[in-house]
Structure formats: C-alpha cells, structure tokens
Amino acid sequence: MANYAHLFTLRRLWTVLVVGLVAMFSVLLFFGREIYHAAPPTPEVVRTSEGRTLFVRSDIQRGQAVWQAMGGMQQGSIWGHGGYLAPDWSADWLHREATALLDIRAKAEGAGSHGALNARERASNAAELRVDMRRNTYDPRTGAITIAPDRAAAIAVVQEHYRDLYQARTPEARALRVDYAFPVHTRLSDADAQALTAFYFWTAWAATTERPGKTITYTSNWPHEPLVGNGPTAAVFLWSMISIIVLLGGIGALVWYYAREFDAWRADGTPDGGFAASDFMDSVTVSPSMLATRKYFWVVMALFGAQVLLGIVTAHYQVEGQGLYGLPFSEMLPYAVTRTWHTQLAVLWIATAWLATGLYVAPLLSGHEPKFQVWGINFLFVSLLIIVVGAFAGQWAAVNGFFKDLTANFWFGHQGYEYTDFGRFWQIYLFIGLMLWVVLVLRALWPALRRKGGVSLVLLVAVSTVSIGLLFGASLMWGEKTHISIMEYWRWWVVHLWVEGVFEVFATAIVSALLVRMGLVRPSVAATSVLFATIVFLGGGVLGTFHHLYFSGTPIGVIALGSVFSALEVVPLAVVGFEAYNRSKQEGQHDWEAVYRWPFRFFAAVLFWNLVGAGLLGFLINSPIALYYMQGLNTTASHGHAALFGVYGMLGLGLILYCLRGLTDPSRWNQRALSIAFWCLNIGLGMMTLLSLLPQGLWQTYVSFNDHYAAARSAELMHHPIMEGLVWGRVPGDVVFAIGVGAFVVFFVQAFFQRKAN
C-alpha cells in the first residue's frame with residue numbers, strides 16, 4: 001500500500017514540477033521581452049542645445065568594448081555589478097558630474113565653488129540641478145539627447161579626470177591608479193579614452209534620467225545619490241516588506257508540511273530488503289571509463305589550489321594596489337587578471353568535479369559501459385584543458401593591452417562580464433564540450449532509464465544533465481555590441497540558473513541515486529525527496545533570478561518578482577535541520593558505512609553553509625531596500641564566498657571523496673589529513689567571512705546610506721586605515737583555509753600513490 005502511495009506522490013510531483021517550470025520560464029521569458037523594450041535607450045547622438053556634438057552611438061558602443069577588453073566588471077563595476085576595489089563607474093561619474101555642474105553654476109554666480117555659496121543659494125542650486133539632471137531630453141524620433149551647455153562643461157571636467165586616470169597623465173592620477181589596482185603599464189589611446197568616457201556617461205545618464213512619464217530613473221533611482229534626488233522608490237520599500245511577509249509565511253507553511261506530511265512518509269524509507277549489510281562497491285568492477293575520470297580529479301586539485309592562491313593575491317591588492325609585499329607582481333598579473341582567474345577558477349574546479357562525478361557515476365548506476373566511452377572522456381578532457389589554457393591566455397593578453405582589435409578581443413580575449421568572461425570562441429567550444437558530456441552521461445545511463453525500478457530518480461539525473469548542457473547556451477545570447485541591460489538578463493541565466501540552479505539539482509539527484517545504490521533508502525522515497533526539494537528550490541530560484549536585475553535598467557515588475565521569489569529561495573533552507581536528521585538516519589546502520597564518513601561530513605557542511613551563506617547572508621542583501629544600498633559592496637562578497645565554496649565547493653569535495661572510494665583504497669586513506677582539511681576549510685571560511693568581508697561590507701553600507709553610494713566605493717574609504725585593517729583581518733582565516741586546502745591535496749596525492757604502491 002505504501003508503494004502505491006509513493007507512486008501516486010511521484011506522479012503528482014512530476015506534474016507539479018513540469019507545470020511549474022513551464023509557467024516560471026514563461027514568465028522569465030516574458031519579462032526578458034519587457035527588458036528588451038524597457039532598457040535605457042542608446043542615443044544616436046548626445047549634443048548640446050547649441051548643436052555641438054559630444055558623443056555619437058558608435059562612441060558609446062566602442063567604449064563598452066574598450067571597457068570589456070580592460071577587464072570590465074573585474075576592474076570596478078557598472079550599475080553595481082563587478083569588482084569591489086575600483087569604483088562603480090556609473091556612480092562615480094554621476095557624483096563627479098553633479099559636483100562639477102554645481103561648481104560651474106556657482107562660478108557663474110560669482111562664487112568660487114558651490115561650497116562658497118550661502119545655505120539658501122546652495123539649496124536653490126541643488127534643487128535646480130536635480131530637476132535638470134533628472135529631466136529626460138531623449139527624443140525617440142531622432143535618437144538625440146540634448147543637454148545644456150553648462151552640463152556639457154561639467155561632462156568635460158569629468159572626461160578630463162578619466163583621461164588623466166586611464167592615460168596616467170598626472171601624479172594624482174598615477175596615485176589613484178595604484179589605489180584602484182590598475183595594470184602598471186596599460187594605457188588607453190586618445191580615441192579609446194574618449195569612447196570609454198562616452199560609455200561611462202551613458203550609464204550614469206540612465207541612472208539619473210527619469211523614464212518617460214515616470215518619476216523614477218531607468219535604474220529605479222539607483223545608485224543612492226542625494227545630489228540628483230536618487231533615493232529608494234516606493235516600490236523598493238513596498239516589495240521589500242512584502243518579501244519579508246512571503247519569507248515568514250513560506251517558512252511556516254513549509255515547516256508545517258515537512259514536519260507533518262513529508263517526514264511521515266519519508267520515515268518509511270527503509271529498502272524492501274532492509275538496509276544493505278555490505279558495501280556494494282565491494283562487488284563492483286570499476287570500469288575503464290570510470291578509471292578514465294581520475295585525470296579530471298587531478299586537474300580539480302590543481303585548479304582548486306590555483307584559485308586559492310589567486311584569491312590571496314587578489315585580496316592583498318586591496319592594500320598595496322600594484323604590489324605584493326613590495327614585489328612588482330602586478331606587472332605580470334594585474335588585479336583584473338587575478339580576480340578574473342580567481343572567480344572563474346572557483347566555478348571551473350567545482351563544475352569539473354561535478355562533471356567528472358557524472359561520468360564516474362553513470363556507469364556505476366547502470367552497470368553499462370558504452371563503446372568508445374573512454375575515448376570520449378579523454379577527448380573531452382583534452383578539450384577542457386585547451387579551453388582553460390586558451391581562455392586564460394586570452395584574458396591575460398586583453399587586460400595587458402595586447403588586443404588592439406576589439407572584435408578579436410570579444411572572440412578570443414576578455415568579455416568583461418563577471419563569471420562569463422571567456423571570449424566567445426571559448427564559450428562556444430565549452431558549450432560543445434558540455435553537450436558532449438551530456439551525450440557521454442546519457443549513453444551510460446540509458447540502461448538504467450529503461451529499468452522499471454527507480455526510474456524517476458535516474459530520470460531526474462538525466463533531465464538535470466541535459467539542463468546543464470543547454471542552460472550554458474544562454475551565454476551565447478548576447479553579442480559584442482548588445483545593450484548591457486539585455487546582456488545582464490542573459491548573464492544571470494548562466495550564473496544563477498546554471499551554476500546555482502540545475503547544477504545543485506544534478507548533485508542532489510546524484511547523491512540520492514547513490515544512496516539508493518548503496519541500499520540505504522528506498523528508490524521511491526529518494527525520488528520523492530529529490531522531486532520535492534527540486535520543486536521547492538526551483539520554485540523560488542527560477543524567478544528569483546530577477547533579484548540580480550533590480551537596478552539594471554529593467555522595469556519595476558522585475559523588482560516585484562525578484563523580491564518575492566528571492567525570498568522564497570531562502571524558505572527551503574529553514575528545514576535543513578530536518579534534512580540533517582533524516583540524513584543521519586540513513587548513515588551508521590552498519591560498520592561498512594564508515595568508509596563514507598568523510599563524504600557525508602562534507603555533505604553535512606553543505607547543509608550548514610546553505611543556511612548561513614545562501615540563507616542568512618543571501619537574504620541580508622536580497623531584498624530591494626537592502627540591495628539598494630548594498631549592491632556591489634563586500635556584503636555581496638561575504639555571501640558569495642560563504643555560498644559558492646560553502647555550498648558548491650563543499651559538495652564538490654564530497655563528491656570527489658565519494659568517487660575516490662572506487663578509484664583508491666579507502667582503508668589506506670590519511671584520516672588525519674582529511675580531518676584537518678574538513679575543519680580548517682570550514683573554520684577558515686567562517687573566519688574570512690565573519691572577521692573581514694562582512695564587517696567591510698557593513699561599514700560600506702553605513703557610508704552608502706549616510707552619504708552616497710559612490711562614497712562607499714571611493715579610494716578614500718577603501719584605503720582608510722580601518723578598512724585596510726579589516727582586509728588584513730582576512731589573513732588568519734586565509735591561513736587556516738590554506739592549511740585545509742593543503743591537507744586535502746596531501747590526502748588526495750597520498751590516496752592515489754598508496755593505491756599504486758599495492
């Protein structure tokens with residue numbers, strides 16, 4: 001009777017999942033269409049009321065390409081998306097232009113500067129400035145933006161500042177380049193500097209110009225800048241409050257359902273024949289294709305170590321700018337390069353661990369070794385090496401100024417978009433590689449899909465496998481000159497839906513399928529559990545993508561959807577205690593399970609960091625009112641580190657350990673090294689997050705709220721002694737974390753060489 005109940009539940013959950021995904025992706029695509037229509041217009045020309053041309057459309061588009069080639073979001077940010085050390089260029093330009101215009105108008109009235117006016121005159125000039133800068137003078141018929149001559153003079157002042165900065169023309173500019181950790185030798189030509197200032201002006205114009213017929217700007221009044229009247233909108237306050245109500249209501253409903261209904265049938269998870277009395281791997285012959293995945297895990301270790309070292313260097317640049325303990329390290333590896341590689345390696349080593357796990361586990365689940373599978377795995381491995389080496393070399397060349405042709409840079413250099421920085425050629429190559437991986441996994445899984453028992457679980461593994469391949473295709477949806485609002489929409493498909501979405505579903509399904517194969521849980525119960533978790537997670541996750549797009553030139557509906565559904569993303573994390581309890585019931589039934597103690601401990605760490613990193617630190621910044629002041633500050637970095645490594649990194653390491661069960665001799669594992677690795681990785685991550693990144697972000701948030709956003713990202717604040725002290729506060733956590741990495745690498749190497757010693 002229980003089995004029939006589970007079958008009914010499975011059919012119902014599959015129906016809910018399919019219908020829900022169709023509905024949610026339909027909404028996601030619909031609002032994508034709205035973003036295409038509502039994005040800030042790119043003008044054909046920017047000119048004064050006297051007819052003098054300042055910029056044309058090609059200047060803005062070329063400036064965007066120049067910005068990409070320099071490292072783009074890795075060297076500062078645009079609309080809050082990107083690196084944390086250099087300024088947000090939109091906010092920086094906006095504040096400088098407004099300040100320059102106030103001074104120009106004060107001088108026209110006979111004063112030396114705006115500050116020299118009396119209080120009444122300053123208030124009058126400030127009010128006039130807000131009206132003038134927020135007025136939308138874009139003419140859709142001609143594509144022209146018309147500005148007053150005095151504003152054109154203010155733009156010229158800011159242009160001169162940026163020319164000095166990017167061409168290192170003055171001692172002050174050279175000192176600022178050090179504070180911003182700019183490359184030592186890279187300089188822009190006059191034409192590229194002119195184009196870059198056109199792009200920066202346009203992003204600032206969109207941030208301060210009201211939409212037609214509205215009283216809010218194209219970026220919903222972001223960034224906070226009192227000089228031009230930019231403050232949180234009513235929608236930001238309203239939807240923030242609604243998101244909190246949704247969060248509390250969702251947690252209450254899910255905990256009630258989970259405790260009353262879900263846990264009741266899950267307790268009936270004992271396999272029909274009882275818990276397995278021995279480890280199934282003792283009777284499994286490791287196939288040639290499973291053995292062929294070993295090289296992937298070696299590469300994972302190399303990428304993991306390199307990523308940590310680059311993270312240490314990148315963090316140190318915040319103190320010295322262009323040096324590493326006095327060494328001219330940045331002459332070869334400037335900040336934009338080390339940060340690019342650090343962020344991309346984090347995704348690459350984790351993704352490679354998961355991809356290798358899929359190749360290893362597929363024949364383990366099906367017992368089928370397809371023809372030419374080893375050849376396919378080896379070909380894919382070589383391709384991944386070529387992609388990583390080629391893409392990283394292109395990025396290094398771009399940041400160091402070796403790409404003179406901007407189109408060549410787009411294809412082979414640095415695209416400038418955080419987490420999707422690969423040149424287009426390398427993206428296409430990687431997409432083809434992922435599709436090959438999908439074929440390799442599916443052909444190995446095919447016999448398991450045709451069996452009668454446990455098909456739902458294997459089917460979910462297969463569906464998530466296909467989704468991993470297809471969703472990366474979103475990175476091919478923009479071109480060299482695509483509007484940045486539209487690019488952001490598609491970029492977050494990759495970062496949020498690909499990295500944070502289907503990969504997690506894939507890993508959850510894989511782990512559950514392995515528990516079934518180990519004889520620790522009934523197939524129908526495992527399938528129902530994974531389907532339920534997938535529905536709850538994707539229920540908030542798909543449309544929760546919009547919380548990244550609140551202030552990227554998108555319509556207000558994005559704020560409404562993003563706030564509500566990003567709150568729902570946190571809801572499943574409220575029941576991680578239940579999950580930990582149920583997981584514990586599946587472990588420790590027999591002595592043979594001691595072999596899997598460390599993989600399960602890393603999986604338990606995933607639950608903890610899901611709650612802390614993704615849940616607490618994620619919701620800290622996800623509501624519209626919070627993100628309005630916090631976007632692009634170190635509060636985001638604290639969430640990113642705790643969630644990316646704490647959740648996905650720990651899961652990747654746990655999967656590696658599971659695969660090593662069959663690739664090495666677990667009886668000879670260095671248990672002490674594993675213990676050191678586990679505790680140092682977790683403690684070190686907690687230290688760097690809570691002792692350094694989070695305090696930095698909270699101080700920046702205070703400045704952003706109390707003054708203006710540009711001040712929170714200024715060189716004065718970032719190099720304040722207290723801020724630099726907080727940066728140094730990362731050192732203890734980094735050291736502890738590095739010990740954990742070293743211990744894991746030592747364990748890994750010993751595990752393989754001890755195997756060979758037999």
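Tutor: Start with α10, which is mostly covered, as 19 of its 27 residues are buried (buried is under 20% relative accessible area, exposed over 50%, partly exposed in between, with a 1.4 Å probe and protein chains only). Helices here are DSSP runs of H or I with at least four residues, numbered from the N terminus. The model is predicted, so local features need pLDDT of at least 70 and side-chain atom pairs pLDDT 80 or more, while totals for chains, interfaces and linings use all residues. Residues are numbered from 1 along each chain as its sequence is written, and side-chain values use heavy atoms, leaving out hydrogens and water.

After α10 comes glycine 321, with a positive phi near 80 degrees.

Further along are α11 (residues 335–366) and α12 (residues 373–399), whose axes come within 11 Å and cross at roughly 170 degrees (axes are lines fitted to C-alpha atoms over the stretch in contact, with angles from 0 to 180 degrees between N-to-C directions). The two helices, α11 and α12, are therefore roughly antiparallel, a term for angles over 145 degrees. Their contact (heavy atoms within 4.5 Å) involves residues including Trp341, Leu345 and Leu348 of α11, and Leu380, Phe392 and Trp396 of α12. By class, the contact of α11 with α12 has 12 nonpolar, three polar and no charged residues (Ala, Val, Leu, Ile, Met, Phe, Trp, Tyr, Cys and Pro are nonpolar; Asp, Glu, Lys and Arg are charged; the others, Gly among them, are polar).

Notes: Parallel < 35°, antiparallel > 145°, perpendicular 65-115°, else oblique.
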